[in-house]
Amino acid sequence: MSADAQDMIETVEIARLGAKGDGIAERGEGEPVYVPFALPGERWSIARNGAAVRLTESPDRVAEKCRHFGTCGGCVAQHLSDDLYAAWKTASVREAFAHRGIDAEVLPVHRIGPGTRRRAILGIVRRGDKVGIGFREEGQHTLVDMAECPILDPLIVAALPALREMGRIAMPHDTPGRLIVTRVDAGLDVAYTNGLKMLKPDERAELARIASAARVTRLIVAGDPIVVRAEPSITIGGVAIDVPPQIFLQAVPEAEQMMIDFVVAALPKKAKKAADLFSGVGTFTLPLARHVAMTAYDSDRKAITALEAAHRRATGLKPVEARVRDLFREPLSPKELEAFDAVVLDPPRAGAAAQTERLARSKVPVVVAVSCAPATLARDARTLIDAGFKMGPVQPIDQFLWSPHVEAITVFRR
């Protein structure tokens with residue numbers, strides 16, 4: 001970025017990184033100044049129009065990993081050294097708990113390498129015969145047409161030309177849409193979900209041809225299955241799970257396995273029955289079922305159906321009961337929770353305030369909490385701690401590489 005010297009109104013020194021990756025300087029009386037992509041110790045000049053120019057460079061500044069960095073809204077931290085990056089992620093978790101008055105023991109962040117994200121929700125738009133696919137600009141609606149992406153599974157990146165070609169057939173002109181791509185065991189699961197046109201028979205045939213060449217196991221256009229070479233599946237804990245279209249999955253298999261190992265290790269030795277709340281397709285239910293009988297709850301009927309089918313096909317598992325239930329509207333009562341020796345809690349980003357309040361009043365001895373939002377995890381932790389639970393160390397997992405987000409997991413014991 002640049003600005004004319006006469007437009008510069010102040011020079012600031014960056015004191016720290018903010019939660020979203022911005023550098024933060026302070027004016028008089030502690031007023032914060034946020035400078036995108038600035039690092040602690042650097043000096044920047046700020047212009048009247050908000051533009052900023054870097055005057056000095058931190059030794060923690062490294063080369064970006066992608067040509068789209070700084071424009072694409074997917075990453076904010078490719079320019080941080082490994083040490084600074086790890087410290088920033090760990091600090092974001094620690095500060096979330098401190099905000100709730102909790103002096104948490106936060107372990108060093110578990111690092112996840114590039115090229116591991118198995119799922120992407122991308123924007124797509126066709127203008128003439130040109131199709132753009134990618135993430136949006138930071139804070140904008142403008143689509144950044146993706147030429148590369150260091151965080152995504154290489155099979156997804158390699159399929160971008162085929163995804164554009166299929167988009168050219170499926171998309172009308174000048175209508176933005178959405179594309180969901182998931183790496184599954186046998187290839188790719190692809191869904192074009194909105195902004196689409198009615199397909200002619202010859203267009204459907206051409207889509208099928210392109211999909212087959214690109215290792216697309218299933219192709220869905222506006223809810224219509226164009227290609228289903230095999231039911232897309234993923235393997236979790238040695239169990240194959242057929243993946244319903246557009247279902248939630250953990251973003252990175254390696255991070256998923258770390259969380260599974262953590263959850264299994266936290267199970268009480270004499271436990272006989274446990275519950276998995278917000279279970280999805282059974283990420284924790286099925287591995288835990290090798291040790292104890294499980295009851296799984298989730299509001300998504302498709303996820304519960306997939307979990308039940310996977311359990312029926314599997315061998316060596318203890319009984320699993322799966323129930324459709326909206327735990328935001330109808331959380332399990334303390335009386336219902338009496339049946340369980342342990343509970344796994346893995347809610348969406350909003351957390352699980354109502355369910356946590358009932359857990360706090362229950363007799364459940366162990367709660368394992370998994371969260372992609374440390375702020376809501378800390379809020380719910382406060383409820384459990386105030387009810388007499390003791391929180392163990394918090395393990396951050398860098399599932400969302402170079403973004404401001406971080407997974408965190410911890411155990412509460414009475």
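Reply: Val 221 stands opposite Asp 224 in β12. Before going further: this is a predicted model, in which local features need pLDDT of at least 70 and side-chain atom pairs count only at pLDDT 80 or more, while totals for chains, interfaces and linings use all residues. Residues are numbered from 1 along each chain as its sequence is written, and side-chain values use heavy atoms, with hydrogens and water left out.

Me: How many bridges join β11 to β12, and which way do they run, parallel or antiparallel?

Reply: Four bridges, and the two strands run antiparallel, with β12 covering residues 224-228. Strands here are DSSP runs of E with at least two residues, helices are runs of H or I with at least four, and both are numbered from the N terminus. Two strands count as paired if DSSP finds at least two bridges between them.

Me: What happens at the turn in that hairpin?

Reply: Two residues sit between the strands, and Ala 222 takes a positive phi near 50° there. Ala 222 does this although it is not a glycine. Ala 222 is also exposed, at 52% relative accessible area. The cut-offs with a 1.4 Å probe and protein chains only: under 20% is buried, over 50% is exposed, and in between is partly exposed.

Me: And β11 itself, buried or exposed?

Reply: Buried: six of the six residues in β11 (216-221) are, so the strand is largely enclosed by the rest of the structure. On the β10 side (187-194), five bridges join that strand to β11, running parallel. Tyr 192 is the residue opposite Val 221 in β11. Getting from β10 to β11, the chain goes through helix α4 (201-213) in a right-handed β-α-β crossover. Right-handed means that, with the strands pointing away from you, the path from the first strand over the helix to the second runs clockwise.

Me: How many residues of α3 are buried?

Reply: Eight of the eleven in α3 (160-170), so the helix is largely enclosed by the rest of the structure. Among the buried ones are Leu 163, Arg 164, Met 166 and Ile 169.

Me: New topic. Which strands form the open sheet of three?

Reply: The order is β2-β3-β4, with antiparallel pairing. β2 (16-17) and β4 are the edge strands, each pairing on one side only. Two bridges join β2 to β3 (23-26), and Arg 16 stands opposite Ile 24 in β3.

Me: OK, aromatics. How many aromatic pairs turn up in the whole structure?

Reply: Three. One of them is Phe 37 with Phe 69, edge-to-face at 5.3 Å centre to centre and 70° between the planes. The rule is ring centres of Phe, Tyr or Trp (its six-membered ring) within 6.5 Å; planes under 30 degrees apart are stacked, over 60 edge-to-face, and the rest tilted.

Me: How far apart in the chain are Phe 37 and Phe 69?

Reply: 32 residues: Phe 37 is in the loop between β4 (32-35) and β5 (43-47), and Phe 69 in the loop between β6 (52-54) and α1 (82-98). Phe 37 is partly exposed at 25%, whereas Phe 69 counts as buried at 14%. Phe 278 and Phe 328 make a tilted pair, 5.3 Å centre to centre with 55° between the planes. Those two are 50 residues apart.
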